[in-house]
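Here's a quick tour of a protein model, written for someone just starting out.

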Amino acid sequence: MSRIADRFENLRKRHRTALIPFITAGDPQPAVTVPLMHALVEAGADLIELGVPFSDPMADGPVIQQASERALRHRISLARVLQMVKEFRETDADTPVILMGYLNPIEVIGYEPFAAAASAAGVDGALVVDLPPEEASALIEVLRARGLDPIFLLAPTSTAARIEMIAEAASGFIYYVSLRGVTGASRMDMQEVADKLKEIRGKTDLPVGVGFGISSPEVAAKVAAFADAVVVGSALVKRIAELATQPEKINADAGSFIASLRASIDKVGAAA
Amino acid sequence: MSPYALPDERGHFGRYGGIFVAETLMQPLAELRQAYERYRNDPDFEAELQLDLRDYVGRPSPLYFARRWSERLGGARVYLKREDLNHTGAHKINNTVGQALLARRMGKTRIIAETGAGQHGVATATVAARLGLECVVYMGAEDIQRQAINVYRMKLLGAEVVPVESGSRTLKDALNEAMRDWVTNVDNTFYIIGTVAGPHPYPAMVRDFQAVIGRETREQILAREGRLPDALVACVGGGSNAIGLFYPFIDDAEVALYGVEAAGDGLASGHHAAPLCAGQPGVLHGNRTYLMESSDGQIIETHSVSAGLDYPGVGPEHAWLKDSGRASYVAVDDGQALAAFHELTRVEGIMPALESSHALAYVRELAPGLGHDGIIVVNLSGRGDKDIHTVAAREGIVV
């Protein structure tokens with residue numbers, strides 16, 4: 001069983017909704033990332049999504065675009081991101097780490113060398129935003145062969161046929177994009193999300209995480225009522241951006257934000 | 001050999017093309033594919049398109065024999081396909097007219113587009129004005145500075161021009177931003193991509209709308225010379241004017257196809273916009289194609305005196321035509337393009353766009369070797385009025 005499946009199984013037994021923070025590797029500077037990952041776990045993160053910076057992040061809103069730009073000023077490559085995961089693994093053998101990014105940096109390395117290096121570094125899954133399952137069979141094969149989970153997105157626009165296809169292609173969990181838009185937008189329709197999740201659950205037993213518009217402990221709690229995982233990206237990255245010139249304060253601030261989300265989510269779990 | 005029939009069902013030209021977008025756009029792209037398949041075979045749609053191309057765009061565009069220029073080059077007879085005489089002054093409108101009709105058939109009320117030099121933005125704003133559709137054009141903040149006149153033209157036409165401040169603040173970033181708008185407003189919005197790039201079906205659809213250039217050329221040259229040309233030459237940024245000219249000739253092996261990229265300060269300098277000549281295959285903007293990228297897969301900034309060629313990718317069909325050997329891709333630098341700009345202006349009284357000047361510069365190299373029986377058709381894809389400030393600035397003149 002993969003570290004991701006294992007973690008979700010464990011959480012399910014404890015009736016706990018997973019909290020998955022997203023940060024961009026190397027933002028605002030490389031030295032911040034690994035200690036921040038540990039701080040997030042300390043504050044209550046169950047899995048970590050680590051963004052691989054890309055020059056043309058087409059599916060991201062301004063907050064995560066700018067995080068990519070800050071990281072790229074330090075020339076953070078995919079190889080460098082893998083080094084960071086390896087370093088994180090030295091003192092955390094349990095928390096699953098998922099890389100989230102775009103296809104081109106992987107194309108440059110090559111699928112098989114990427115899968116080998118990611119696996120060796122201790123990565124557990126990869127979510128390639130601009131790689132739909134129709135184009136993904138070659139990458140899925142090499143990821144699976146190395147025990148890595150291919151994570152896929154589902155969206156409000158996904159039809160029943162697409163949900164089935166993606167449930168087939170994915171493992172680990174499925175990431176439901178809660179709104180029509182880019183990361184960090186703020187017009188989530190809670191009822192629509194709940195209804196769509198019901199439809200998705202009718203077609204797969206995989207855990208379903210929800211993300212793209214979760215900005216506060218209140219929204220996180222509402223989503224936690226029906227999701228297996230809550231993904232928080234832009235709201236966290238925005239706080240990191242505000243402390244870009246005082247990086248020594250990032251861990252404490254990000255930690256307290258994650259802890260507040262954790263507490264809010266757990267209240268829902270306790271009530272359920 | 002079976003006739004050319006790419007792309008396949010999923011938009012592949014060999015290993016290139018395809019659909020590489022986030023899940024939210026997969027269904028809207030499927031709807032666009034279905035709508036396009038339906039209307040391209042619909043006689044009413046075709047009739048409306050043909051009428052617009054004739055009465056609004058001003059087609060067919062002439063195929064002009066450049067007698068003095070041919071004599072000066074001392075070789076082949078050179079014909080200019082006069083896309084510069086279209087409404088709005090470039091080939092771009094062939095495509096925007098077609099996509100706008102499709103948008104209206106699909107019930108979309110809002111049009112978005114990306115633009116670099118502003119030609120596609122103007123062509124989009126133009127058709128949106130005519131059909132009474134809301135229009136938003138994304139343009140890199142850097143390009144807005146360089147192309148103030150086109151920005152004002154778009155505003156006069158009623159479009160909102162949104163400056164894009166992310167990344168390198170140029171065309172590629174405008175495309176990213178238009179995609180982000182589309183993903184947010186898919187229900188009422190139609191995204192008119194201006195070149196043969198992007199996710200399927202855009203490369204095929206834009207090609208089909210631009211192929212009118214090649215179909216007319218074929219008829220015109222047969223009427224004039226009684227045979228097909230020896231060579232077709234066109235500039236390649238994203239590659240829409242080149243594909244438009246080449247496509248109806250792909251099965252005619254005796255017609256050589258030359259795509260001319262922008263070598264900027266020279267290929268060796270690294271400051272250029274020539275992914276086919278000096279890039280590698282990768283994935284950007286929804287398709288797999290040749291790209292200008294760093295060793296770790298980041299897209300790098302391009303350079304060309306011609307804003308319309310200043311793009312780090314290229315249409316996937318060109319990538320396939322290159323690998324298959326059917327077309328040849330070459331590059332000419334800023335200086336060569338400017339020399340051709342001046343020469344055509346002085347010898348024929350036709351001021352070409354700097355984009356088209358790249359194709360002309362290559363004709364200067366190609367024509368002498370073909371001999372007096374040779375025939376070359378070059379796509380004069382746009383007029384040069386928009387570029388006079390750039391040309392003047394290069395010569396230290398303030399207009």
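Two aromatic rings (Phe, Tyr, or Trp by its six-membered ring) make a pair if their centres lie within 6.5 Å; planes under 30 degrees apart are called stacked, over 60 edge-to-face, and the rest tilted. This is a predicted model, where local features need pLDDT of at least 70, side-chain atom pairs count only at pLDDT 80 or more, and totals for chains, interfaces and linings use all residues. Residues are numbered from 1 along each chain as its sequence is written, chains are lettered from A and ligands numbered from 1 in the order in which they are written, and side-chain values use heavy atoms, leaving out hydrogens and water.

**Aromatic rings**
- Over all chains, that rule gives 13 aromatic pairs.
- Take B:Y4 and B:W320: their ring centres are 5.7 Å apart and their planes sit at 50°, so this pair is tilted.
- The two partners are 316 residues apart, with B:Y4 in the segment before β1 (12-13) of chain B and B:W320 in helix α13 (residues 316-324) of chain B. (Helices, H or I with at least four residues, and strands, E with at least two, are DSSP runs numbered from the N terminus.)
- B:Y4 is buried at 15% relative accessible area, while B:W320 is partly exposed at 23%. (Buried means under 20%, exposed over 50%, and partly exposed in between, using a 1.4 Å probe and protein chains only.)

**A charge over a ring**
- The charged end of B:R218 sits over the ring of B:F249, 5.3 Å from its centre. (That takes NZ of Lys or CZ of Arg within 6 Å of the ring centre and within 35 degrees of the ring normal.)

**Helices in chain A**
- In helix α2 (residues 33-43) of chain A, the buried residues include A:T33, A:L36 and A:L40.
- Just after α2(A), A:G44 takes a positive phi of about 125°.

**A buried glutamine**
- A:Q65 is found in helix α3 (residues 62-73) of chain A, and it's buried, with a relative accessible area of 7%.
- Leaving aside neighbours within four places in sequence, A:Q65 is in contact (heavy atoms within 4.5 Å) with A:P57, A:D60, B:S166, B:E177 and B:R180.
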